[in-house]
Amino acid sequence: MIVHCGKREEQEDNIQSEWRLYCVRGEVPVEGHLLEVECHCSSLRSRTSMILLNINKALIYLWHGCKTQTHTREVASTAADKIKEQRPLEAGLHSSCNVTIHECEEGAEPMEFWEALGRKDRKAYDCMLQDPGKFFTPRLFQLSSSSGEFVAQEFFYPSRTPDLVSAFPFLQEDLYSAPQPALFLVDNYHEVYLWQGWWPQDTETPGSARIRWDADRKCAMETVLRYCREKNEQNPQKSYLIHAGLEPLTFTNMFPTWEHREDISEVMEQEAEMCNQITLVEDVLARLCQSTYPLAALQSRPLPHGVDPLRLEIYLSDEDFESGL
């Protein structure tokens, strides 16, 4: 299966670029599929294979990222062979063309490959050529108290194969389509991320909702830290808090494609503590658990995160409380 961008065009009306780029997903050839992504070097992913197709030359570059699993290579090769055999109109190919396939490895691409992607820039994606680590199937949990108690609900990739590594089991929409503000734990084996969503701007937010949200954030951070300790008590993984619209490259490249949402980043940047893209969860939790604040901090707006606006007096020291009377 191939998921194309845009709409189907008849051969004589085809106005799309002559180059098209597809990310390979799926762990077994019979379930493999291609997801069309922006034809740019920022779309490359070291953990999978990609198919770069020139529809005018009927040419395929079958590119293998340096961390691509053996079974993913097989899926990619099968997909490329299917394109050569079937010459699908949706991909912009003539039914009479003769498709040529060239395989190349990350780090040894021909110049035409980079010219098709606009430029050669390995910093545009999370290039792993210098990374000695092994890679594992990421895990995704939604953290929420909407049921009345705080729970972590794991997401499962429908076509997962338990004994094989799945490089990209999840999509950006799994996070962004959830009711907001949302909280997700994303485990990439080497590190854990706590992804925090945004407050919708078209709805009025009562103060009680903000209080519940602060309580959920605190529970989420405690859950993330405990999760890391349970996996390795002697050497827990580092865990980082990141915000919607401000995700770092190491996070976005855990997904087969990622669209930067300028509207969301503008919303998040309005909040003072969210200017930094990535912060250690333990540091943020320590601030949320702060029990006393100077009088000036409680008189300013917005209030520090985690402060109950209905009980400001409990955050004052004895001295500030007496001086404020």
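Where is the place of Y189? In this predicted model, Y189 sits in the loop between β9 and β10, helices (H or I, at least four residues) and strands (E, at least two) being DSSP runs numbered from the N terminus. Residues are numbered from 1 along each chain as its sequence is written, and local features need pLDDT of at least 70, side-chain atom pairs count only at pLDDT 80 or more, while totals for chains, interfaces and linings use all residues. Side-chain values use heavy atoms, with hydrogens and water left out.

Most residues other than glycine have a negative phi, and most peptide bonds are trans. Y189, although not a glycine, has a positive phi of about 70 degrees, and at 42% relative accessibility it counts as partly exposed, where buried means under 20% relative accessible area, exposed over 50% and partly exposed in between, with a 1.4 Å probe and protein chains only. A58 also has a positive phi, near 50 degrees; A58 lies in the loop between β4 (49-54) and β5 and is buried, with a relative accessible area of 5%. A cis peptide bond, with omega about 0 degrees, joins Q180 and P181, and P181 belongs to the loop between α3 (172-176) and β9.

The strands come next, two of them being paired if DSSP finds at least two bridges between them. Strand β5 (residues 59-64) runs parallel to β6 over 6 bridges, with I60 opposite I101 in β6. Elsewhere, strand β7 (residues 139-144) is antiparallel to strand β9 (residues 183-187), joined by 5 bridges, and L143 stands opposite L183 in β9. β7 also pairs with strand β8 (residues 151-155) in the antiparallel sense over 5 bridges, where F141 faces E154 in β8. The hairpin of β7 and β8 has 6 residues between the strands, and in it G148 takes a positive phi near 110 degrees.

A search of the whole structure finds 18 aromatic pairs, in which rings of Phe, Tyr and Trp (its six-membered ring) have centres within 6.5 Å, with planes under 30 degrees apart counted as stacked, over 60 as edge-to-face and the rest as tilted. Y193 and F251 form an edge-to-face pair, at 5.2 Å centre to centre and 75 degrees between the planes. This pair links distant parts of the chain, with Y193 in strand β10 (residues 191-196) and F251 in helix α5 (residues 249-252), 58 residues apart. Y193 is buried at a relative accessible area of 2%, and F251 is buried at 0%. W199 and W213 are likewise an edge-to-face pair, 6.1 Å centre to centre with 80 degrees between the planes, and both are buried. Ring pairs also link a cluster that includes F155, Y176, Y193, W195 and F251.

Finally, the structure holds 3 cavities of 30 Å³ or more, a cavity being a set of points, on a 1 Å grid over the protein atoms alone, where a 1.4 Å probe fits but cannot get out, and lining residues having an atom within 4 Å of a point. The largest cavity has about 50 Å³ of space, a volume being the space filled by probe spheres set on the points, which are joined across faces, edges and corners. Among its lining residues are R25, E27, Y157 and F168.

Methods. On a 1 Å grid over the protein atoms alone, a cavity is a set of points where a 1.4 Å probe fits but cannot get out, and a pocket is an open set with protein on both sides within 12 Å along at least five of seven lines; lining residues have an atom within 4 Å of a point.
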